[in-house]
Amino acid sequence: MIFQAEYCMKAQILGQVPYDVEDSLRGSAVNLQVPLDTQGHHSRECPTGHSACAGESFRSAARLLPGGGRVAVPHLVRVPRSFRLSQDAVKIVGSSHFPVSVYVMLHQRSPHVLCVTQQLRNTELIDPSFQWHGPKGQIASENSTVQVTSTGSLLFQNFEEAMSGVYTCFLQYRPTTEERPRNIPLKYIVYAYREPHFYYQFTARYHAAPCNSIYNISFEKKLLQILSKLVLDLSCEISLLKSECHRVKMQRAGLQNELFFTFSVSSVDAQKGAKPCRGPDCDHARRLSKARHLIERFFNQQVEVLGRHLEPLPQIYYIEGTLQMVWVNRCFPGYGINFLKHPRCPECCVICSPGSYNPFDGTHCMQCNSSLRYGAKACG
């Protein structure tokens with residue numbers, strides 16, 4: 001797939017040398033070729049005992065330019081997460097000493113929650129009976145969303161937020177035919193969770209006109225238009241987070257004006273709270289990775305073109321090596337990441353428990369004593 005970006009932006013800076021951004025950025029129409037199957041991603045299976053897995057790769061991206069030059073773009077590259085329950089987590093056993101946490105991806109089928117302890121799982125049980133109680137009372141043997149199997153396992157078919165809560169199984173059995181029945185309550189806390197969605201945040205610096213010049217404002221608008229057009233076909237969007245002009249004292253030089261840009265690129269559909277879509281066309285992480293490569297190449301090409309630019313330099317131009325990028329995680333409102341509370345799902349966006357809430361798309365559930373339900377988006 002080939003994405004073509006036509007850069008046409010011209011400005012006259014303070015009546016001096018005409019600043020042709022088209023020439024400064026690329027000189028002519030540029031074909032940006034991004035192979036669909038070249039992502040640089042790596043994946044690995046989840047470690048035993050974890051319900052989510054994540055891979056990370058740290059590298060400093062240095063782009064080779066024609067003529068052998070290099071433009072360093074230091075940034076953190078993190079492999080998008082892939083949530084799969086490990087084989088050990090497919091069936092979850094209880095404990096007679098403490099509640100067991102169970103994590104179920106929203107709108108997905110749950111693992112089998114067994115009404116036995118690890119010790120009893122390998123023991124012969126005579127005349128066993130199982131009775132499950134959930135947030136709404138006793139659970140019937142089977143309905144459209146939850147099933148209790150003949151062996152007492154609890155299984156959710158299409159897990160919803162409202163299903164989160166405390167579930168208790170009352171197990172009754174005889175160790176031998178001569179002994180009296182024993183009763184054991186087994187408590188589970190079942191949490192809905194979602195994959196974190198993320199965005200890339202970029203910062204870049206430009207040599208600028210005087211800070212009170214209207215040409216800086218015009219340049220900012222045109223630059224955002226170019227970047228937005230660059231990622232449009234990927235269903236991504238550019239948002240300006242901050243733009244500031246400062247006077248900078250250079251080493252062994254005088255003062256110069258610089259524009260400090262901070263902008264983000266995010267997946268448009270990842271911002272919607274609807275049911276997650278599936279399939280390669282819905283992979284916002286894959287599309288964001290492509291958008292990141294396009295943006296990096298765009299800034300690298302500015303350096304290349306500027307290197308061929310004859311004196312005098314234009315008054316507004318990208319300062320080589322100032323492009324920085326960070327990965328920013330976020331959860332949907334009502335969810336948060338807490339590896340201390342949820343060590344078996346350390347990078348999951350887990351639904352906020354009663355006593356906490358998350359009103360925004362941050363990554364933490366905040367304390368709120370008046371919040372009495374799971375997934376609270378407001379305090380109270």
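Which residues form a disulfide with their sulfur atoms 2.1 Å apart? That would be Cys211 and Cys245, where a disulfide means a pair of cysteine sulfur atoms within 2.5 Å. Keep in mind that this is a predicted model, where local features need pLDDT of at least 70, side-chain atom pairs count only at pLDDT 80 or more, and totals for chains, interfaces and linings use all residues. Residues are numbered from 1 along each chain as its sequence is written, and side-chain values use heavy atoms, leaving out hydrogens and water.

**Overall picture**

- Of its 380 residues, 46% count as buried, and the cut-offs here are under 20% relative accessible area for buried, over 50% for exposed and partly exposed in between, using a 1.4 Å probe and protein chains only.
- Take the contacts between residues at least 6 apart in sequence: 64% of them join residues at least 24 apart, with contact meaning heavy atoms within 4.5 Å.
- The accessible surface is about 19,800 Å², and carbon and sulfur atoms own 52% of that; the areas come from the Shrake-Rupley method with a 1.4 Å probe, and for residues only the protein chains shown count as cover.

**Disulfides**

- The structure has six disulfides.
- Back to Cys211 and Cys245: the torsion about their S-S bond is about -75°, so this disulfide is left-handed.
- Cys211 sits in the loop between β16 (197–207) and α3 (214–231), while Cys245 belongs to strand β17 (residues 236–249), so the pair ties together parts 34 residues apart in sequence.
- Both ends are partly exposed, Cys211 with a relative accessible area of 35% and Cys245 with 23%.
- Cys345 and Cys348 also pair up, with their sulfur atoms 1.8 Å apart, and a torsion of about -80° about the S-S bond makes that disulfide left-handed.
- Cys345 is buried at 0% relative accessibility, and Cys348 is buried at 0% as well.
- Another disulfide joins Cys368 to Cys379, with an S to S distance of 1.8 Å, and this link is right-handed, with 85° about the S-S bond.
- Cys368 and Cys379 both lie in the segment after β24 (366–367), so the pair ties together parts that are eleven residues apart in sequence.
- Cys368 is buried with a relative accessible area of 3%, whereas Cys379 is partly exposed at 44%.

**Nonpolar cores**

- The largest nonpolar core has 43 residues, and Trp132, Leu154, Phe156, Tyr167 and Tyr188 touch the most other members; such a core is a set of buried Ala, Val, Leu, Ile, Met, Phe, Trp, Tyr and Cys residues joined through side-chain atoms within 4.5 Å.
- Elements giving two or more residues to this core include β7 (91–94), β8 (100–105), β14 (165–174) and β22 (349–351).
- The top contributor to this core is β15, with eight residues.
- There's also a second, separate core of 33 residues, and its members include Phe202, Ala208, Ile295 and Phe299.

**Helix α4**

- Helix α4 (residues 284–307) has 24 residues and reaches 35 Å from its first C-alpha to its last, close to the expected 34 Å, which is 1.5 Å times one less than its number of residues.
- Of those 24 residues, 19 are buried, so α4 is largely enclosed by the rest of the structure.

Notes
Helices (H or I, at least four residues) and strands (E, at least two) are DSSP runs, numbered from the N terminus.
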